[in-house]
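Biologist: I am new to this structure. Please walk me through how to read it.

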Amino acid sequence: MAEVVFRALATQRGLGDRVLSRSAGTGDWHLGERADQRTLEALSRRGYDGSAHRARQFSAASFADNDLIVALDRTHERILKAWARSTDDKGKVTLLRAYDPTASTMDVPDPYYAGPAMFDSVLAMIETATRGLFSQLEPAVRASHSTPRATRGPEQEELL
């Protein structure tokens with residue numbers, strides 16, 4: 001959900017070609033599979049298209065390809081930080097709900113064993129936090145857009 005919401009927000013703000021957002025899990029349970037049908041339905045009810053999503057797995061090597069690693073709960077945050085090869089890599093890991101000033105917990109719950117209403121609730125949490133995250137990133141993305149391509153480093157090409 002978070003990847004789809006972030007990508008839609010970037011596109012809506014005219015920056016879809018400036019950021020890369022990739023969803024990846026810490027486990028290999030569903031590699032190559034589409035998102036859960038209830039996730040796709042929740043996204044669709046809110047006007048998002050999640051049909052292109054396919055499950056991928058994050059690995060320690062993935063740190064080099066990302067400027068920011070956004071975890072949806074503290075368990076995944078701990079796993080990601082344990083995989084980090086350096087202090088810089090650890091510093092790339094953040095929690096999505098840290099960007100939601102109204103969040104009562106830092107964890108986005110996993111709705112898998114709940115009913116469809118929980119998927120809608122989780123999506124609402126993700127939308128709120130993603131807007132907060134994007135508001136933090138947008139000035140840097142816009143600034144890098146005005147920098148001539150020849151003087152930009154790879155770190156300015158990929159923010160997520």
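Biologist: Which residue follows helix 2, and what is its phi?

Modeller: Glycine 47 follows helix 2, and its phi is positive, near 90 degrees. Helices here are DSSP runs of H or I with at least four residues, strands are runs of E with at least two, and both are numbered from the N terminus. This is a predicted model: local features need pLDDT of at least 70, side-chain atom pairs count only at pLDDT 80 or more, and totals for chains, interfaces and linings use all residues. Residues are numbered from 1 along each chain as its sequence is written, and side-chain values use heavy atoms, leaving out hydrogens and water.

Biologist: What are the pLDDT values of the protein?

Modeller: pLDDT is the predictor's confidence in each residue, from 0 to 100. The mean for the protein is 88, and 90% of its residues reach 70 or more. Over residues 148-160 the pLDDT is below 50. That stretch still has 27 contacts (heavy atoms within 4.5 Å) beyond near neighbours in sequence. Where pLDDT is low, the predicted coordinates should not be read in detail.

Biologist: Which residues of helix 2 are buried?

Modeller: Start with the general idea. An α-helix has 3.6 residues a turn, so residues three or four places apart point the same way. Buried means under 20% relative accessible area, exposed means over 50%, and partly exposed lies in between (1.4 Å probe, protein chains only). In helix 2, residues 37-45, the buried ones are Thr39, Leu40, Ala42 and Leu43. Seen down the helix axis, they fall within an arc of 160 degrees, so they line one face. The arc is taken from the directions from the helix axis to the C-beta atoms.

Biologist: What caps the N-terminal end of helix 2?

Modeller: Aspartate 36 does. One of its side-chain oxygens lies 2.7 Å from the backbone nitrogen of arginine 38. The side chains of aspartate 36 and arginine 38 also meet in a salt bridge, 3.0 Å from N to O. A salt bridge is a side-chain nitrogen of Lys or Arg within 4 Å of a carboxyl oxygen of Asp or Glu. Arginine 38 is partly exposed at 22% relative accessibility. Aspartate 36 is partly exposed too, at 23%.

Biologist: How many salt bridges does the structure hold?

Modeller: Side chains of opposite charge can pair when their charged atoms come close. The structure holds 10 salt bridges. One joins arginine 74 and aspartate 107, at 3.0 Å from N to O. Arginine 74 lies in helix 3 and aspartate 107 in the loop between strand 2 and helix 5, so the pair ties together parts 33 residues apart in sequence. Arginine 97 forms a salt bridge with aspartate 100, with the closest N and O atoms 3.4 Å apart. Both of these residues are buried. Arg13, Glu138 and Arg142 are linked in a network of salt bridges.

Biologist: Where does aspartate 73 lie?

Modeller: Aspartate 73 lies in the loop between strand 1 (69-71) and helix 3 (74-83). Aspartate 73 is buried, yet has no salt bridge. The nearest side chain of opposite charge, arginine 78, is 6.8 Å away. Lys and Arg count as positive, Asp and Glu as negative; His and the chain ends are not counted. A polar atom of the aspartate 73 side chain lies 2.8 Å from the backbone nitrogen of histidine 76.

Biologist: Is valine 141 buried or exposed?

Modeller: At 1% relative accessibility, valine 141 counts as buried. Valine 141 sits in helix 5, residues 116-146.

Notes: A polar contact is a pair of N or O atoms within 3.5 Å; within protein, one must be able to donate a hydrogen and the other to accept it, and residues adjacent in sequence count only if both atoms are side-chain atoms.
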